[in-house]
Amino acid sequence: MREKVIDSIRAYFKGKGFHEAEVPLLLPAPSTEPFLEVFQTELKDDQGNKWQGFLPSSPEFALKKLLSAGSGSVFTITKSFRNGEGRSSRHNPEFTILEWYRTPGDYMDVARDFEGLMRHILQSVYPAGPGPAGLGLTYQGKEYDLSSPWEKITVAEAFEKYAGIDTETMLDETKLKAAGKRKGYQVTKATTWEEIWNQIMANEIEPMLGKKGPTILYDYPIAQAALARPAKDPRFAERFEVFMAGLELGNCFSELTDWKEQERRCLEDLAARKALGRTEFPMDTDFIEALKMGMPPATGGIAVGVDRLVGLFADTPDIADTLFFPVAELFDSE
């Protein structure tokens, strides 16, 4: 099933005219997400020179450099690495990621790509049709409808519908912390807006999504989208995530192409990493220089966890079942 899913992903994007790119797995500076811990290593030469090195947490910066150089729409299926996340049925520190960037396009164009991709995989791995609807995927005893259009709901609508929190409260740190405290969350003076927002999202919003088929949760607060273009309401960004069967399947942006704003946000992320005690590293200045060259102004991009996709189509809730060498077997704690 793993081979079938990856083959069908590749065929889908090749058929759409995307270029496939190989990206480096050893970097002088990874991307700057504050909450992701990295794997650090060291590059040496035969003269005794040494350079700090890192394994990538995503191929994002590399692909955007290619876009800025004129690659056109591009995708990659590659390995990425995230440290310190523990072991669970949904995480492996080394994982396979699919990223694609459509240009010209925006986040809703990418959403249509994703809908088409899921249908293509389903029809490729189950050519006879796995469910009575033809576009139904049976997972853990329940059928999910993959036909278009997928359910779409904004973050603001979801907070109001599922958590009883209006937009003004959601976006205001003092008001959101007070609401979180009333709901029984642990809130102290040190608790940040992002921490309480994430708790409400994880406990009250995400479990309500993707129950009958994929749900697109879109237009995140701008503070939750460091690499995304602002939406029509500048308090929000053109970002969506896809949820189904209790899984987050993909994270998409209409890409930010203003190099000055991107540099400012990267520096903010690096400062946040330091405050959180994460591994420190310099900003990827080559990435900023590439944006200066001119990344296409209308570009949408998304990251999708391939192991989770394989798990869905293989009907297993544990991604270790989709891997030949899961980390729990390679690094046996016993």
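## Helices α2 and α9

In this predicted model, helix α2 (residues 60-68) packs against α9 at an angle of about 30 degrees, with the two axes 8 Å apart; axes are lines fitted to C-alpha atoms over the stretch in contact, and angles run from 0 to 180 degrees between N-to-C directions. The pair is therefore roughly parallel (angles under 35 degrees; over 145 is roughly antiparallel). The crossing of α2 and α9 is left-handed (near helix turned anticlockwise from the far one by less than a right angle; right-handed if clockwise).

F61, K64, K65 and S68 of α2 make the contact with D286, F287, A290, L291, M293 and G294 of α9 (heavy atoms within 4.5 Å). By class, five of these residues are nonpolar, two polar and three charged, with Gly counted as polar.

## Helices α8 and α9

Helix α8 (residues 259-276) and α9 (residues 285-294) have axes 9 Å apart and an angle of about 165 degrees, and are therefore roughly antiparallel. Their crossing is right-handed. From α8, W259, Q262, E263 and C266 meet F287, I288, L291 and K292 of α9. This contact has five nonpolar, one polar and two charged residues.

## T191

T191 lies in the loop between α6 (173-183) and α7 (193-205). T191 is buried at 8% relative accessibility (buried: under 20%, 1.4 Å probe, protein chains only). A polar atom of the T191 side chain is 2.9 Å from the backbone nitrogen of T188. Leaving aside residues up to four places away in sequence, T191 touches E173, K177, Q186 and I196.

## Basis

Residues are numbered from 1 along each chain as its sequence is written, and side-chain values use heavy atoms, without hydrogens and water. Local features need pLDDT of at least 70 and side-chain atom pairs count only at pLDDT 80 or more, while totals for chains, interfaces and linings use all residues.

Technical notes
Helix = DSSP H or I, 4+ residues; strand = E, 2+ residues; numbered from the N terminus. Buried < 20%, exposed > 50% of the residue type's maximum accessible area, 1.4 Å probe, protein only. Polar contact = N/O pair within 3.5 Å; in protein donor to acceptor, adjacent residues only side chain to side chain. Parallel < 35°, antiparallel > 145°, perpendicular 65-115°, else oblique.
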